[in-house]
Amino acid sequence: MGKPIHVLSGPNLNLLGTREPEIYGRETLADVQARCEARAAALGHAIVFRQSNHEGQLIDWVQEARTEACALIINPAGYGHTSVALLDALKTLAIPIIECHLSNPAAREAFRRETYVSLAATGLVSGFGAASYELAVEAAAGLIGARASA
Ligand code: CA2
């Protein structure tokens, strides 16, 4: 097995499943992790799954992905809409970056319609609840496979 796919989740997602189920669903982040691990294993990949409420920690993990990951999936949560520093870190990666959201931010408040992360992302999956993460794993695996056979 090659390098793992790194999956990062940003602030407040540790509370997933405890509030606003009409927007974010009832599954917990542990449920989302289990979905990602199962889907990745079926596709022959390992997962490193992490969450932090701290911008600097997320940036450290993005930097780690430069050498330790074959692809990065990131749900930046609120930092997607605010963090130029996170964008700067993402722009240093040479691996595929999949931006992932549970909800569809483009259909919500105006301040959610743009994310800095999109400027560095290879692609975006949003609006499918916990399944967005699984779809992002599939997309990442597809991009890695395409690179390997190029
Ligand atoms: O839809 C997404 O995945 C978001 O990244 C979630 C962020 C929001 O700021 C983005 O605009 C879209 C919010 C994460 C809040 O985390 C939760 C905490 C408790 C219960 C549910 C979600």
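## A ligand and its pocket in a predicted model

The ligand sits in the largest pocket, and because the model is a predicted one, the values below describe computed coordinates.

What surrounds the ligand? Its shell is made of 14 residues, and the closest of them are Asn75, His81, Leu102, Ser103 and Arg112. Sorted by class, this shell around the ligand holds 6 nonpolar residues, 6 polar residues and 2 charged residues.

| Residue | Atom on the protein side | Distance to an oxygen atom of the ligand |
|---|---|---|
| Ser103 | polar side-chain atom | 2.5 Å |
| His101 | polar side-chain atom | 2.9 Å |
| Asn12 | backbone N or O atom | 3.4 Å |

On its own the ligand has 510 Å² of accessible area, and the protein covers 96% of that area.

Along the principal axes, the C-alpha atoms of the chain fill a box of roughly 40 × 30 × 25 Å. How does the radius of gyration of the chain, 14 Å, stand against that of a compact globule? A compact globule with 150 residues would have a radius of gyration near 15 Å, so the 14 Å of the chain agrees with that expectation.

Notes: Residues are numbered from 1 along each chain as its sequence is written. This is a predicted model: local features need pLDDT of at least 70, side-chain atom pairs count only at pLDDT 80 or more; totals for chains, interfaces and linings use all residues. Side-chain values use heavy atoms; hydrogens and water are left out. A residue is near a molecule or strand if one of its heavy atoms lies within 4 Å of it. A polar contact is a pair of N or O atoms within 3.5 Å; within protein, one must be able to donate a hydrogen and the other to accept it, and residues adjacent in sequence count only if both atoms are side-chain atoms. Accessible areas come from the Shrake-Rupley method with a 1.4 Å probe; for residues, only the protein chains shown count as cover. On a 1 Å grid over the protein atoms alone, a cavity is a set of points where a 1.4 Å probe fits but cannot get out, and a pocket is an open set with protein on both sides within 12 Å along at least five of seven lines; lining residues have an atom within 4 Å of a point. A molecule sits in a cavity or pocket if more than half of its atoms lie within 2 Å of its grid points. Ala, Val, Leu, Ile, Met, Phe, Trp, Tyr, Cys and Pro count as nonpolar, Asp, Glu, Lys and Arg as charged, and the others, Gly among them, as polar. The radius of gyration is taken over C-alpha atoms; the globule rule is 2.2 Å times the number of residues to the power 0.38.
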